[in-house]
Amino acid sequence: MHVNAITHTYDEVVHTEVRGQLPRVDRDDPRPLHVQIFDILHQQISSHALPPGSALPTEDELQQQFGVSRSVVRQALASLADRGLIHRQRGRGSVVAAAPVLRRSVQRAGGLSEQAVAQGQQLRTHVVSVQPSAPPDAALGELGTGRAWQIERVRYLDDVPVAYMRTWVPRELFPHFTAELLEGNSLLALMRAHGYAPAGGPRQVQAVAADPSLAAFLEVEAGDPLLLLEGVTRDTSGQGLEWFSVWHRANTVFDVDAQVVATPPAISPEQITRLRSMARELDAALAEIDGSL
């Protein structure tokens with residue numbers, strides 16, 4: 001079968017499946033119709049029912065599916081395009097955009113926004129909550145206190161949620177942290193402003209499954225794979241400034257600069273015996289020299 005025919009058949013299958021899955025708009029819902037359609041299509045995209053690169057149903061199909069005017073459909077599609085979720089191309093209709101890829105260096109502590117800028121991307125942070133909370137047991141020794149702020153944040157790349165961050169910081173060191181203060185600001189920059197210089201600390205990365213809460217924040221399905229980065233950031237004196245857990249969507253690439261460590265050549269038992277013999281001979285010769293002086 002010709003490639004174009006295969007693509008055409010695939011698009012027809014996707015359109016048929018979507019037509020069968022899309023719920024109807026609710027005319028008793030106070031939200032405008034174009035907002036309801038946006039939310040329905042957004043859910044289809046985030047759940048990968050419409051995977052990246054697939055074609056959306058045509059405007060005519062959406063109009064018939066939802067029973068709305070063409071202008072309402074176009075408003076919903078324009079909102080999806082503004083969020084970077086779809087690409088609208090003349091003659092091809094609307095295509096689901098590929099998820100943006102977040103790249104971060106494992107060796108670099110903090111500076112995630114700067115790393116995104118270096119890739120020509122814009123990273124945005126939304127503070128979900130800041131509240132007093134005891135840190136996890138593993139963090140108590142690092143922070144040196146059970147009185148901490150628990151800070152919950154979502155990081156967005158091109159308006160797509162890419163990371164959910166849960167951070168604990170000592171309240172004694174940073175007594176004035178609030179959601180308003182942290183919104184849109186760098187946590188490490190605020191630490192420096194309080195007189196503490198973040199230096200880094202150990203980290204670990206592991207694969208985990210998204211629980212329902214994380215799935216909702218990151219707009220994925222419960223059980224989807226996430227990359228969990230955990231660790232501590234200390235200042236130059238070794239004081240723990242933060243203990244963090246960061247869950248990344250699967251469209252995150254961790255860059256690692258691996259170096260080959262040279263291993264010393266193995267020494268055989270015979271060589272060791274010979275070296276010891278030479279050492280004894282050298283000691284004897286030195287003793288004779290000392291005795292003749």
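This is a predicted model: local features need pLDDT of at least 70, side-chain atom pairs count only at pLDDT 80 or more; totals for chains, interfaces and linings use all residues.
Residues are numbered from 1 along each chain as its sequence is written, and side-chain values use heavy atoms, with hydrogens and water left out.

Now the overall picture. The protein chain has 10 helices and 11 strands; these are DSSP runs numbered from the N terminus, helices being H or I with at least four residues and strands being E with at least two. Of the 293 residues, 36% count as buried. Buried means under 20% relative accessible area, exposed means over 50%, and partly exposed is in between, with a 1.4 Å probe and protein chains only. The accessible surface of the chain comes to about 16,600 Å², and 54% of that belongs to carbon and sulfur atoms. Those areas come from the Shrake-Rupley method with a 1.4 Å probe, and for residues only the protein chains shown count as cover. If you take the contacts with a separation of 6 or more, 59% of them are between residues 24 or more positions apart; contact means heavy atoms within 4.5 Å.

Back to the salt bridges. D60 and R70 meet through their side chains at 2.1 Å, N to O. D60 lies in helix α3 (residues 59-66) and R70 in helix α4 (residues 70-82), so this pair ties together parts that are 10 residues apart in sequence. D60 is partly exposed at 39% relative accessible area, and R70 is partly exposed too, at 29%.

Then there's R234 with E142, whose closest N and O atoms are 2.9 Å apart. R234 is in strand β9 and E142 in helix α6 (residues 137-143), so here the parts tied together are 92 residues apart in sequence. R234 has a relative accessible area of 26%, which means partly exposed, and E142 is partly exposed as well, at 23%. Salt bridges that share partners also join E59, D60, R70, R74 and R88 into one network.

One more pair: D29 and R31 form a salt bridge at 2.9 Å, N to O. R31 counts as partly exposed, with 34% relative accessibility.

So which side chain of opposite charge is nearest to R153, a buried residue with no salt bridge? That would be E242, 5.0 Å away, counting Lys and Arg as positive and Asp and Glu as negative, with His and the chain ends not counted. R153 sits in strand β5 (residues 148-157). Its side chain does have a polar contact of 3.3 Å with the side chain of T167. A polar contact is a pair of N or O atoms within 3.5 Å; within protein, one must be able to donate a hydrogen and the other to accept it, and residues adjacent in sequence count only if both atoms are side-chain atoms. Leaving out residues up to four places away in sequence, R153 touches a list that includes T125, H126, Y164, M165 and L187.

Next, H42, which is in helix α2 (residues 33-46). H42 is buried, at 12% relative accessible area. Beyond its neighbours within four places in sequence, H42 is in contact with L80, R83, L85 and E219.

That brings us to E219, which lies in the loop between α9 (212-218) and β9 (225-235). Its phi is near 60°, a positive value in a residue other than glycine. Why point that out? Most residues other than glycine have a negative phi. E219 is partly exposed, at 22% relative accessibility.

Last stop, the surface. L282, L286 and I289 make a nonpolar surface patch of about 280 Å². Patches are made of residues with over 30% relative accessible area and no salt bridge, with like charges joined within 9 Å and nonpolar side chains (Val, Leu, Ile, Met, Phe, Trp, Tyr) within 5 Å. L286 is found in helix α10 (residues 269-292) and counts as partly exposed, at 43% relative accessibility.

Conventions: A salt bridge is a side-chain nitrogen of Lys or Arg within 4 Å of a carboxyl oxygen of Asp or Glu.
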